[in-house]
Amino acid sequence: MADRAGAPPRAWQRMLSGRRLDLLDPSPLDVEIADIAHGLARVARWNGQTRGDHAFSVAQHSLLVERIFGLQNPSATPQAQLTALLHDAAEYVIGDMISPFKAVVGGGYKAVEERLQNAIHIRFALPGRAERVKAFIKKADMVAAYYEATQLAGFSEEEATRFFGRPRGIADGELDLEPKPAGAVQELFLARFAEILALVEGVRAG
């Protein structure tokens, strides 16, 4: 919908930080970690169809994936860990669209998502096309999806295995799958970001 008669549709979102992020041409200068943490902590995984008094947020999922990635790749660089933590960061703007709906919508959604993710990677000096790291993160993502599906979203083990594969070497007892309030998850996300960023900067300083 146009802002006024004859004007083009608005393609930016104002963030609580005061930044105005253009979805069509996102600038890394308009990306703030506080906005990412706030948004992801309030975006529900599985369209909110999960057990518990609180939604299982994308921020909590991101922490889970980064945890699994670290367990699977104990020698991973801090930069790779930060890439894992921010693997779904674009969803602070566009939300978490479930895979079946992505298939229906098609390529337009993916193009917007990729532009936002690229801006986020530039903002935090992360590699744009680290295919090997992305593959390891995807593996961790699938493990997270399996445990979220079976413990929170009502999937049977057989059904989850068919869609996500059965995890090997990672037990659910090593993971935090208890849905938490948005404010608490936001703080946990920011704290973990700060921890990893300190390691990244230490490596860069030599």
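**Exercise 1. Is Y147 buried or exposed, and what is its relative accessibility?**

Before the solution, two notes on the model are in order. This is a predicted model, in which local features need pLDDT of at least 70 and side-chain atom pairs count only at pLDDT 80 or more, while totals for chains, interfaces and linings use all residues. Residues are numbered from 1 along each chain as its sequence is written, and side-chain values use heavy atoms, with hydrogens and water left out.

Solution. Begin with the scale: buried means under 20% relative accessible area, exposed means over 50%, and partly exposed lies in between (1.4 Å probe, protein chains only). Y147 has a relative accessibility of 9% and therefore counts as buried. Y146, at 4% relative accessibility, likewise counts as buried.

**Exercise 2. Classify the ring pair of Y146 and Y147, then that of F163 and F164.**

Solution. Rings of Phe, Tyr and Trp (its six-membered ring) pair if their centres lie within 6.5 Å, and planes under 30 degrees apart count as stacked, over 60 as edge-to-face and the rest as tilted. The structure holds 7 aromatic pairs. For Y146 and Y147 the ring centres are 5.4 Å apart and the planes stand at 80 degrees, so this pair is edge-to-face. For F163 and F164 the centres are 6.2 Å apart and the planes stand at 55 degrees, so this pair is tilted.

**Exercise 3. Which rings have the charged ends of R20 and R162 sitting over them?**

Solution. The criterion is that NZ of Lys or CZ of Arg is within 6 Å of the ring centre and within 35 degrees of the ring normal. The charged end of R20 sits over the ring of W12, at 4.5 Å from the ring centre. The charged end of R162 sits over the ring of F163, at 5.3 Å from the ring centre.

**Exercise 4. Describe how helices α2 and α3 pack.**

Solution. Two packed helices are described by the angle between their axes and the distance between the axes. Helices (H or I, at least four residues) are DSSP runs numbered from the N terminus, and their axes are lines fitted to C-alpha atoms over the stretch in contact, with angles running from 0 to 180 degrees between N-to-C directions. The axes of α2 (residues 58-72) and α3 (residues 78-85) come within 8 Å and cross at roughly 145 degrees. Next, list the residues in contact, meaning heavy atoms within 4.5 Å: α2 contributes S62, L63, V65, E66 and F69, and α3 contributes A80, Q81, A84 and L85. Finally, consider how far α3 is covered: 7 of its 8 residues are buried, so α3 is largely enclosed by the rest of the structure.

**Exercise 5. Where is A37 found, and which residues does A37 touch?**

Solution. A37 is found in helix α1, which spans residues 33-40 and is largely enclosed by the rest of the structure, because 6 of its 8 residues are buried. The buried residues of α1 are I33, D35, I36, A37, G39 and L40, and the relative accessible area of A37 is 0%. Not counting residues up to four places away in sequence, A37 touches Q186, F189 and L190. A37 and K138, by contrast, lie 21 Å apart in space, C-alpha to C-alpha, and are 101 residues apart in sequence.

Key: Helix = DSSP H or I, 4+ residues; strand = E, 2+ residues; numbered from the N terminus.
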